[in-house]
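Please look at the sequence and the model first, then read on.

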Amino acid sequence: MNNIALPSFPSLRQQRLLTRVIVVAMVLLLLFNLIALGSLQRAEALDPLTIGGLIVFGKLALDKIDSIAQNAINNAGQQVRDSLEELRAQIANVIDELQKAYQDNLSITIDSLDSFTTGKLIQFQNMVEAVNQKLQEDINLIQQATKDVINTAATQVRQLGAEIQQRLQNVVVVTAEAAVFVIDRTLFNVVLVISLILLGLGLLIFIWLIFSRKLPDGIMRPVVLLMMVAFLVVFGMLALVPRVRAQVMSAAGLGLEKELKRVTEPVPEVVGVEPRLITLGVTPSIRMIGINLRPDGKTVTATIGGISVPVVAADREAVLTVGGLSLNVGNQEAILLYDGVEAARTRQLVEVKQQVTPPPPPDLVITSFTISPSSPTAKAVTTATIVIRNQGGSAAGSFTVRWRPITSPATDVRITINGLAVGASQTLNFTHSYVTSGTVSSIATVDEFNTVNESNEGNNERTISGIVVKPEPPKTYTITVRFTSIKVISDADPFGSNEMWLDFNVGGRIGRHPNSGTFDANDGDTFSLNEVFTFTVQETDRVTITVIGTDEDNPPIDNHDDMGTVSLSFTKGDNFGSGSYSRRSTCPDGCYQINFTISVVQN
């Protein structure tokens with residue numbers, strides 16, 4: 001019988017050694033899977049309209065809000081500040097949710113997501129874009145339309161954030177070797193739990209078989225061991241490597257919602273520009289902000305409205321120098337070029353304006369300042385005439401003109417002017433009565449309270465010094481003394497009627513009745529008189545009224561007879577004797593009674 005060569009099998013010792021090697025290999029394989037899970041590298045390239053680009057765009061809005069928030073409360077009010085803080089919190093919340101959900105997949109393009117998520121993220125992008133544009137405005141001049149955009153954005157971003165957060169809680173985003181999958185979170189976790197249970201049961205069974213020596217002998221032993229290794233590898237990968245689990249679920253159509261596009265090469269993307277307004281001759285440069293703006297091996301150039309401008313690019317921003325350049329006025333596109341070629345999303349709209357030189361401010365001056373009379377009298381009315389002029393380049397608004405007749409104590413007279421056109425003049429008259437006499441200075445001031453922003457604030461006053469205010473003159477009075485009648489009591493002539501006359505001295509004014517000659521008078525006769533004396537006295541004067549009667553005889557044979565004297569004296573305290581009087585003479589020889597009135601008028 002021929003000897004047949006049978007295959008040789010490993011000895012029992014060799015089999016046990018092989019078993020231990022396989023177990024160690026299985027353990028090492030599991031450790032490798034765990035290490036691989038923690039060391040997955042994500043692509044850093046962010047494409048236009050990628051998740052990463054959207055996150056940078058949102059962070060740009062956060063930076064802008066932070067930069068103006070404090071200025072907002074000081075100038076635009078607490079309400080705007082509260083709205084900005086609410087908006088910032090909601091944008092930050094959405095960014096956090098996106099970073100957590102797509103932390104290894106920031107290169108996913110937004111348009112590859114499911115329609116619901118894509119729509120919400122585009123709404124978010126548009127809302128942040130509107131906010132970014134409105135925040136370019138000066139917060140000191142913030143208009144109601146801007147406040148409305150901020151308030152609406154805060155509400156809508158809060159709503160979008162809640163919808164996006166709810167959506168992302170129901171899905172799992174997993175990166176596979178060549179794709180990114182969005183899988184239902186519940187089914188994804190169910191597969192994980194089943195895989196862990198089967199992996200655990202398998203390990204327990206396999207360890208029991210190995211150490212209880214229940215494995216079959218012979219050729220089946222390596223086969224069983226290989227099956228054990230395959231079982232552990234398959235369910236270990238399903239349990240510990242999410243991308244493997246995602247690929248298996250996607251291949252089986254289990255829980256797969258969307259396969260996403262991702263970018264494999266870095267692509268420049270511009271998400272904003274600051275400032276958006278370029279004022280020729282004023283704005284030195286603008287910053288185009290984005291990601292991957294300086295890719296390796298490429299030359300970066302820039303144009304604005306088709307005109308080349310100097311540019312210095314870094315990874316996150318490119319600075320375009322516009323100072324001293326002649327750019328086309330209007331809305332222009334700023335574009336970054338790489339080796340002369342524009343990337344997919346490297347342009348931003350800017351506005352170019354000519355520098356508008358504002359007209360010179362107003363300049364209010366006093367062209368003439370006079371006082372009439374130049375030497376005023378105390379208690380009398382003094383008039384100041386002030387001529388003002390706007391010699392500046394702009395019309396002046398409302399302002400106040402002040403005349404200060406005396407510097408100490410200050411006594412101010414003011415007139416408010418509603419406005420003064422360029423080159424216009426206006427004459428103003430002020431009145432005042434000085435209280436006391438003395439030498440004073442007087443000041444005229446235009447725009448007393450500096451309400452007009454002038455080109456020259458140092459030419460608003462004019463002064464007149466050395467004004468002599470004369471003392472107030474004494475008051476004067478016009479006095480009228482009217483003698484109305486005379487009654488002869490005794491004619492001083494025992495043989496017949498007398499011939500008499502009257503001499504008057506009224507306040508120093510001399511008079512005689514009759515003007516010449518005499519009149520015949522007997523005892524008891526009454527005669528009408530119309531002798532009137534009018535004169536002016538000062539309040540310090542004394543007024544004396546004297547009437548002397550004389551009976552004419554024939555001197556030297558027979559001397560004239562004295563008919564007596566009537567004398568009265570008055571002062572201001574007596575109101576200079578105003579009233580009616582009937583006075584009898586002193587009667588040395590003859591005697592008479594004279595009637596008269598005194599009227600006093602203050603001048």
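## Basis and confidence

This is a predicted model, in which local features need pLDDT of at least 70 and side-chain atom pairs count only at pLDDT 80 or more, while totals for chains, interfaces and linings use all residues. Residues are numbered from 1 along each chain as its sequence is written, and side-chain values use heavy atoms, with hydrogens and water left out.

The pLDDT is the predictor's confidence in each residue, from 0 to 100. The protein averages a pLDDT of 76, and 64% of the residues score at least 70. Over residues 1-10 the pLDDT is below 50, and this stretch has 3 contacts in the model beyond near neighbours in sequence; a contact means heavy atoms within 4.5 Å. Residues 21-49 also have a pLDDT below 50, with 50 contacts beyond near neighbours in sequence. Where pLDDT is low, the predicted coordinates should not be read in detail.

## Two antiparallel sheets

Helices (H or I, at least four residues) and strands (E, at least two) are DSSP runs, numbered from the N terminus. Two strands pair if DSSP finds at least two bridges between them. Strands of a sheet pair through backbone hydrogen bonds, either parallel or antiparallel.

An open sheet of 4 strands has the order β16-β15-β18-β19, with antiparallel pairing. Strand β18 (residues 438-446) pairs with β19 over 7 bridges in the antiparallel sense. Thr439 stands opposite Val468 in β19.

Another open sheet has 3 strands in the order β13-β14-β17, and its pairing is antiparallel. The edge strands here are β13 (364-372) and β17 (425-433), each pairing on one side only. The twist averages 20° from one strand to the next. Between β13 and strand β14 (residues 381-390), which run antiparallel, there are 8 bridges. Leu364 has Asn390 in β14 as its bridge partner.

## Aromatic pairs

Rings of Phe, Tyr and Trp (its six-membered ring) pair if their centres lie within 6.5 Å; planes under 30 degrees apart count as stacked, over 60 as edge-to-face and the rest as tilted. The count comes to 9 aromatic pairs by this rule. One of them joins Trp403 and Phe430, with ring centres 6.4 Å apart and planes at 55°, so the pair is tilted. Because Trp403 lies in strand β15 (residues 399-404) and Phe430 in strand β17, this pair ties together parts 27 residues apart in sequence. Buried means under 20% relative accessible area, exposed over 50%, and partly exposed in between (1.4 Å probe, protein chains only). Trp403 is buried at 0% relative accessibility, and Phe430 is buried at 2%.

Tyr477 and Phe576 form a tilted pair, with ring centres 5.3 Å apart and planes at 50°. Tyr477 lies in strand β20 (residues 476-490) and Phe576 in the loop between β26 (561-570) and β27 (579-584), so the pair ties together parts that are 99 residues apart in sequence. Tyr477 is buried at 4%, as is Phe576 at 1%. Ring pairs also link Phe483, Phe504, Phe533, Phe570, Tyr581 and Phe596 into a cluster.

## The disulfide

The structure holds 1 disulfide, defined as a pair of cysteine sulfur atoms within 2.5 Å. It joins Cys587 and Cys591, whose sulfur atoms are 1.6 Å apart. Cys587 is partly exposed at 26% relative accessibility, whereas Cys591 is buried at 3%. Cys587 is found in the loop between β27 and β28 (591-602).

Most residues other than glycine have a negative phi, and most peptide bonds are trans. Cys587 has a positive phi of about 60° although it is not a glycine. Asn292 also has a positive phi, near 55°; Asn292 sits in the loop between β6 (285-291) and β7 (300-304) and is buried at 14%.

Glu274 and Pro275 are joined by a cis peptide bond with omega about -15°, and Pro275 lies in the loop between β4 (269-274) and β5 (277-279). The peptide bond from Ser372 to Pro373 is cis as well, with omega near -5°. Pro373 lies in the loop between β13 and β14.

## A buried threonine

Thr550 is in strand β25 (residues 543-551) and is buried, with a relative accessible area of 12%. Not counting residues up to four places away in sequence, Thr550 touches Glu499, Met500, Trp501, His560, Asp561 and Met563.

How values were computed. Axes are lines fitted to C-alpha atoms, for helices over the stretch in contact, and angles run from 0 to 180 degrees between N-to-C directions.
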